Amino acid sequence: MDLSKVSPERREILEKISQYERDGKFDQDVENDPPAPELLPDKVDYLNKKLTSKISRKIANFVGDRYFLGLIKKGGLIIDGVKGEEHLSALKNGAVITCNHFGVIDHYIVFHCIRKYLPRKYLYKIIREGNYTNFPGLFGFLMRHCNTLPLSSNRRTMINFMSATNTLLKRGETILIYPEQAMWWNYRKPRPYKIGGFKIAYRANVPVIPTFITMQDSETLAEDGYPLQRHTLHIMPPVYPDPSLGEKKGAEVMLNVAFSAVKAKYEEVYGVPLSYETQEEKAGEEE
């Protein structure tokens, strides 16, 4: 596409993504976000036990849902459909869903496509510390109360986080995890997975349901000059933990199976083998 029409800010991000791909920094953030304040244990109510948390959650989910539904109606968010819905029966007793992370809208694409299959009302989302602590105003309110589970650089907070995720999964909730870790804007390839989310699933003895959102350029340009994307959610078969392997090995097996399924889906939809610029450059040097 003609990048001359894309805003300088977005071009800078695209160039940074290309550089990070060449450097193999797949889990590094590319956005110019400020440093994240440390999230302390008393600043987050993971299980929404407080009355104020329950009220804030209800308001935040209502406002967030109305916003994204309005965006879909106006054509600002395009979801072409979902494939593999038959695999969502695995949600019935708690599950971890994995998804590629390419924008602030990817979590809602997943929720919108699976909401009628959720055995309980909500989709919980694991988010980075800065997304919970950095943002003021309405956006910050939504980040803190739309069933988000923030990570933290504080050890005591992370102990609470791990306990909460285990409790939620064992009571039958669904948790969305981005195993690629960092968000790369409109990046279409799957990136190497981190093992943390798979350990969470293994520990709670629940399946991982791998999903992958594919994109196509639409004919409409967004305000930043980049084509609005048309999105399709692909749902792959659930990956169940093998209790005989132990947490470390069992989580590794689940990760490898999930990533292989997503890699195959990427290659099927886009019609090209998955490769990264680092690999392509090395191949050229060897020749």
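Colleague: Leaving aside its neighbours within four places in sequence, which residues is Phe-198 in contact with?

Modeller: This is a predicted model. In it, Phe-198 touches Thr-98, Pro-179, Tyr-193, Val-208, Ala-251, Met-254, Leu-255 and Ala-258. Each pair has heavy atoms within 4.5 Å, so each counts as a contact.

Colleague: What makes the largest nonpolar core a core?

Modeller: Its members must be buried nonpolar residues, joined through side-chain atoms within 4.5 Å. In this model, 49 residues belong to the largest such set. Leu-149, Ile-175, Trp-184 and Phe-198 have the most contacts inside it. In soluble globular proteins, nonpolar side chains tend to be buried together.

Colleague: Which elements give two or more residues to this core?

Modeller: The helices are helix 1 (8-23), helix 6 (155-170), helix 7 (196-204) and helix 8 (247-270). The strands are strand 3 (123-127), strand 5 and strand 6 (208-221). Helix 8 gives the most, with seven residues. There is also a second, separate core of 25 residues, which includes Leu-77, Ala-95, Leu-118 and Tyr-178.

Colleague: Why are strand 1 and strand 4 called edge strands?

Modeller: Look at the sheet order: 1-7-6-2-5-3-4. Seven strands form this open sheet, and the pairing is mixed. Strand 1 (78-83) and strand 4 (148-150) each pair on one side only, and that makes them the edges. From one strand to the next, the twist averages 25°.

Colleague: How do you know that strand 2 and strand 5 pair?

Modeller: Pairing needs at least two bridges. Four bridges join strand 2 (residues 95-98) to strand 5 (residues 174-177), so they pair. The two strands run parallel. Ala-95 has Thr-174 as its bridge partner, and Thr-98 has Ile-177.

Colleague: What about strand 3 and strand 5?

Modeller: Three bridges link them, again in the parallel sense. With at least two needed, they pair as well. Tyr-124 is bridged to Ile-175 in strand 5.

Colleague: Which way do the residues of strand 5 point, and are they buried or exposed?

Modeller: Thr-174 and Leu-176 point one way, Ile-175 and Ile-177 the other. All are buried, so each has under 20% relative accessible area.

Conventions: Residues are numbered from 1 along each chain as its sequence is written. This is a predicted model: local features need pLDDT of at least 70, side-chain atom pairs count only at pLDDT 80 or more; totals for chains, interfaces and linings use all residues. Side-chain values use heavy atoms; hydrogens and water are left out. Axes are lines fitted to C-alpha atoms, for helices over the stretch in contact, and angles run from 0 to 180 degrees between N-to-C directions. Buried means under 20% relative accessible area, exposed over 50%, partly exposed in between (1.4 Å probe, protein chains only).
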